[in-house]
Amino acid sequence: MKTVTVKANSKTYPVLIGNGIMDECGNLTKNITATRYAAIITDDIVDGLYSARLISSLNKAGFKTVKYVIQNGEHSKNTENYVKILEFLAESGLTRSDIVIALGGGVVGDIAGFAAASYLRGVHFIQVPTTLLACVDSSVGGKTGINLKKGKNLAGAFYQPDLVVCDPLLLSTLPENIFSDGCAEVIKYAVIRDKSLFELLKLPIKPHIEEIIARCVKIKSSIVEADEYDTWERQILNFGHTFGHAIEKCSGYAVSHGSAVAIGMAIMALAAADKGICEKDCPAEIINMVKSYGLPYKTDYSADALFDVLLADKKRLGETITLVVPQRIGECILKKVPVSEVKDFLYSAMKG
Ligand SMILES: NC(=O)c1ccc[n+]([C@@H]2O[C@H](COP(=O)([O-])OP(=O)(O)OC[C@H]3O[C@@H](n4cnc5c(N)ncnc54)[C@H](O)[C@@H]3O)[C@@H](O)[C@H]2O)c1
């Protein structure tokens with residue numbers, strides 16, 4: 001088992017990563033609070049796969065549990081389900097000493113985390129991530145939230161969990177496309193901070209998955225420790241996401257998040273090379289890497305179409321956008337540019 005300790009300003013907590021650790025959840029949860037009552041929030045797919053094991057482990061450790069199941073998918077991360085979860089916690093008589101446990105991917109983690117942050121102004125919270133994206137990204141760092149009609153993640157709270165229990169064996173049931181989506185975030189970590197991780201990713205990933213998750217979580221925790229509330233350094237985690245979000249939006253979210261981030265990373269690297277900011281072979285290295293994980297690296301949307309989507313977001317983003325620009329594999333910089341200059345980056349990358 002590997003442990004990464006996250007020392008955020010608001011809370012210090014362990015991320016435990018180990019095959020089979022899911023069955024230790026009960027004993028691990030005992031260390032969080034003296035009470036023995038936990039509310040599990042999950043989605044319908046994960047519920048059928050893993051709830052029984054989690055409940056059995058909690059029951060063995062003396063916990064009484066209740067469970068709330070949402071439908072799987074991004075559409076469930078909404079205000080209606082958020083309120084339903086709060087009402088469920090109240091009806092179940094959860095007190096401030098009790099625990100909310102998120103069992104699932106980023107959707108479950110985000111909505112359950114926001115409920116845990118706001119119910120009784122904050123109750124204990126544990127993340128049990130079941131997708132690769134949730135293991136390496138959403139379960140760590142304390143961003144919780146839901147979508148509003150106007151857009152994704154528009155309501156939420158910074159609320160760190162007390163514990164993250166990450167069992168890589170749970171990823172064995174993930175459909176390949178959802179696993180690949182998570183790989184885009186893993187590649188992102190390597191490009192922003194860790195050249196040796198990038199080299200490791202050239203080997204088959206699954207035999208090293210525990211090690212790879214731990215390295216990604218270490219990178220994320222160091223960034224969160226420097227800037228928990230996302231005022232500057234944390235924006236480095238958005239590598240590939242600015243253009244990625246534009247691609248997702250253009251497609252009406254038909255292009256998955258991981259695919260969009262993969263294309264976004266390639267576009268940004270090509271632009272950076274064209275402008276002489278990054279090493280010449282950096283774009284090819286990134287493109288070959290995303291291709292080897294079955295992820296796309298280019299889009300049919302034009303630079304104009306993507307820029308229009310970014311412009312539509314201008315009101316929310318402000319007059320400037322902070323771009324995450326690679327210099328070489330393992331090193332990226334933040335570059336604050338006027339929105340109009342972003343067009344230049346898109347054209348540099350997509351002129352061919
Ligand atoms: N809070 C953060 O810092 C942060 C960071 C990145 C992304 N996110 C959010 O995460 C969400 C995306 O998360 P995601 O990619 O995990 O998607 P998800 O939670 O929708 O899960 C994807 C699908 O996989 C299924 N699934 C989950 N675990 C499984 C398993 N072990 N076996 C089989 N099927 C399984 C789910 O039921 C779902 O259908 C988005 O809402 C995004 O905004 C949050």
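This is a predicted model: local features need pLDDT of at least 70, side-chain atom pairs count only at pLDDT 80 or more; totals for chains, interfaces and linings use all residues.

Reply: Residues are numbered from 1 along each chain as its sequence is written, and side-chain values use heavy atoms, with hydrogens and water left out.

Me: Why is alanine 157 called partly exposed?

Reply: Buried means under 20% relative accessible area, exposed over 50%, and partly exposed in between, with a 1.4 Å probe and protein chains only. Alanine 157 has 23% relative accessibility, so it counts as partly exposed. This residue is found in strand S8 (residues 151–158); strands are DSSP runs of E with at least two residues, helices are runs of H or I with at least four, and both are numbered from the N terminus.

Me: Why does threonine 322 count as buried?

Reply: Its relative accessibility is 16%, and therefore threonine 322 counts as buried. Threonine 322 is placed in strand S10 (residues 320–328).

Me: What joins the side chains of threonine 322 and glutamine 235?

Reply: A polar contact of 3.3 Å joins them. The term requires a pair of N or O atoms within 3.5 Å; within protein, one must be able to donate a hydrogen and the other to accept it, and residues adjacent in sequence count only if both atoms are side-chain atoms.

Me: What makes helix H10 largely enclosed by the rest of the structure?

Reply: Of the 18 residues of H10, 15 are buried, so the helix is largely enclosed by the rest of the structure.

Me: How do you know that the reach of H10 is close to the one expected?

Reply: The expected span of a helix is 1.5 Å times one less than its number of residues. H10 (residues 257–274) reaches 26 Å from its first C-alpha to its last, close to the 26 Å expected.

Me: Which residues come nearest to the ligand?

Reply: Of the 25 residues around the ligand, Asp43, Glu74, Thr130, Thr131 and Thr173 come nearest; a residue is near a molecule or strand if one of its heavy atoms lies within 4 Å of it. A polar side-chain atom of threonine 131 lies 2.6 Å from an oxygen atom of the ligand. For lysine 143, a backbone N or O atom lies 2.8 Å from a nitrogen atom of the ligand.
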